[in-house]
Amino acid sequence: MARFKLSLMMLLQYMMYAVWWVPLAAYLTNLEIGATQKALILSSMAIGCLLSPVVGMLADRLFAAQKVLAGLNLINGIMLFMAGTTNNPDLLFIFLIIAMLGYMPSWGLTSSIAMTHLPSEQFPKVRVFGSIGWVTSGIFSVVFIKILDIDFDGTNLPFYCGAGVSIFATVVNMFLPNTPPAAKGQKFSMIDAFGLGTLQLIKDRNFAFFILFSFLSMIPFAMYYSYFSEFLLNMNTKYISVTMNWGVLAEMGFLLLIPPAIKRFGLRNVMILGLVALLIRYLSFYVGGVFNQNWMVFIGILIHGLIFGFFYVGGQIYIEKKSPAPLKSQAQGFIFLVTFGVGLLVGNLLCGKLIQFFKSDTAGYNWNSIWGITTLASILLLVLFVLFFRKEKEI
């Protein structure tokens, strides 16, 4: 029964986010929001990441984890509902920032709750329901478009769906197994919260380059992660959420390939393969556009899991192996801050400017130029990583 509750927890936690995040850029495009404001709103997750360690640390010292999770999901649900009621970009930004300050700590909390009540080898079998939740969030799009004959992607309806799932999850969270605060009574440290103790590892040249390239990788990565629904909207794609979720569906299979791939090729080469996949994604978008082969877009979508799994999950494994025991948790928090916090924020701003530069009122989007530049950026990143991130015997 506990495993069922934990699996449902994971499914709802990722569904509530994916249902509105995936089509967000398309919605902002329909609102005709300016490039800078659009980039900031799309960076609500990244900004939430910057402060969520502090929120999570404070909460973890005061209440049982399942109660903290319920409270955060309630805040998230209310703010998503409010986001659905306004077309004002400033208010939308504020509502989504508060929502993400409530939501982002939940990723760590759900994992902590699950691993407290399950043997470690059972955790992946529960965590996979998070990916299932992400994929099945596309059902809202199908129901509204196919059954109710109402436009969904590019509207405010995903916010209301996310709010509904969040409120339902709040109720479910109250029936989760009791998980007392593991850090109750411990002193609060800003250095621990942001993982800044990891900075002492930067003196290792290879580790420093890994952190740098992880940050830089988010610049081309953001073009897909944050803005791809805008591209699909421009291509008159009917089921945007469903289309993008094919990549997450494939991700489940690619994640299972990571252990045997590391054993066969080594961790460095696995991360390199992840960057090769990033290059293949944007090259397929570019070539597909130049030669008018729209089917090639699906190559870039389906390869998402290979990029995320081999480079970013591979990077987490590298961090785990490189960090001494007292810094392992801090180091994982730090790399998340570097990538999906600061890196995604910078990537969103730069990609937003790039899209705006190649968009005109008369000619519309010049996606071939946009994909061409992200392809070149991916090539440069891959070459620099191969040259400067060296193989280590102990890894």
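This note goes through helices, salt bridges, cysteines, loop residues and a surface patch in a predicted model.

1. Basis. The model is predicted, so local features need pLDDT of at least 70 and side-chain atom pairs count only at pLDDT 80 or more, while totals for chains, interfaces and linings use all residues. Residues are numbered from 1 along each chain as its sequence is written, and side-chain values use heavy atoms, with hydrogens and water left out.

2. Helix α14, length. Helices here are DSSP runs (H or I, at least four residues), numbered from the N terminus. Helix α14 covers residues 240-265, which is 26 residues. The expected span of a helix is 1.5 Å times one less than its number of residues.

3. Helix α14, details. A kink of about 35° lies at isoleucine 258, shortly before proline 259; the bend at a residue is the angle between axes fitted to the seven residues ending there and the seven starting there. Ile258 is also among the buried residues of α14, which include Ile240, Met244, Val248, Glu251 and Met252. Buried means under 20% relative accessible area, exposed over 50%, and partly exposed in between (1.4 Å probe, protein chains only). Just after the helix, glycine 266 takes a positive phi of about 95°.

4. Helix α7. This helix has 13 residues, 105-117, and reaches 19 Å from its first C-alpha to its last, close to the 18 Å expected at 1.5 Å a residue. Its buried residues include Pro105, Trp107, Leu109, Ile113 and Ala114. An α-helix has 3.6 residues a turn, so residues three or four places apart point the same way.

5. The structure holds 2 salt bridges, each defined as a side-chain nitrogen of Lys or Arg within 4 Å of a carboxyl oxygen of Asp or Glu. One of them joins glutamate 230 and lysine 38 at 3.0 Å, N to O. Glutamate 230 lies in helix α13 and lysine 38 in helix α3 (residues 35-42), so the pair ties together parts that are 192 residues apart in sequence. Both glutamate 230 and lysine 38 are buried.

6. Salt bridge at aspartate 204. Lysine 322 and aspartate 204 meet in a salt bridge at 2.7 Å, N to O. Lysine 322 is in helix α17 (residues 304-322) and aspartate 204 in the loop between α11 (190-193) and α12 (205-225), so the pair ties together parts that are 118 residues apart in sequence. Lysine 322 is buried, with a relative accessible area of 17%, whereas aspartate 204 counts as partly exposed at 29%.

7. Cysteines. The structure holds 0 disulfides, a disulfide being a pair of cysteine sulfur atoms within 2.5 Å. The sulfur of cysteine 49 has its closest cysteine sulfur in cysteine 351, 17 Å away, which is too far for a bond. Cysteine 49 is buried at 1% relative accessibility, and cysteine 351 is buried with a relative accessible area of 4%.

8. Positive phi in asparagines. Asparagine 236 has a positive phi of about 60° although it is not a glycine. This residue is in the loop between α13 (228-234) and α14, and asparagine 236 counts as exposed at 69% relative accessibility. Asparagine 292 also has a positive phi, near 55°. Asparagine 292 sits in the loop between α15 (267-290) and α16 (297-302) and counts as exposed at 60% relative accessibility.

9. Nonpolar patch. Leu376, Ile379, Val383, Leu387 and Phe388 make a nonpolar surface patch of about 450 Å². Patches are made of residues with over 30% relative accessible area and no salt bridge, with like charges joined within 9 Å and nonpolar side chains (Val, Leu, Ile, Met, Phe, Trp, Tyr) within 5 Å. Accessible areas come from the Shrake-Rupley method with a 1.4 Å probe; for residues, only the protein chains shown count as cover. Isoleucine 379 lies in helix α19 (residues 367-388) and counts as partly exposed at 35% relative accessibility.

10. Distances across the model. Serine 189, in the loop between α10 (157-173) and α11, is 185 residues along the chain from threonine 374, and their C-alpha atoms are separated by 39 Å. Arginine 205, in helix α12, is 199 residues from leucine 6 in sequence and 41 Å from leucine 6 in space, C-alpha to C-alpha.

Conventions:
Helices (H or I, at least four residues) and strands (E, at least two) are DSSP runs, numbered from the N terminus.
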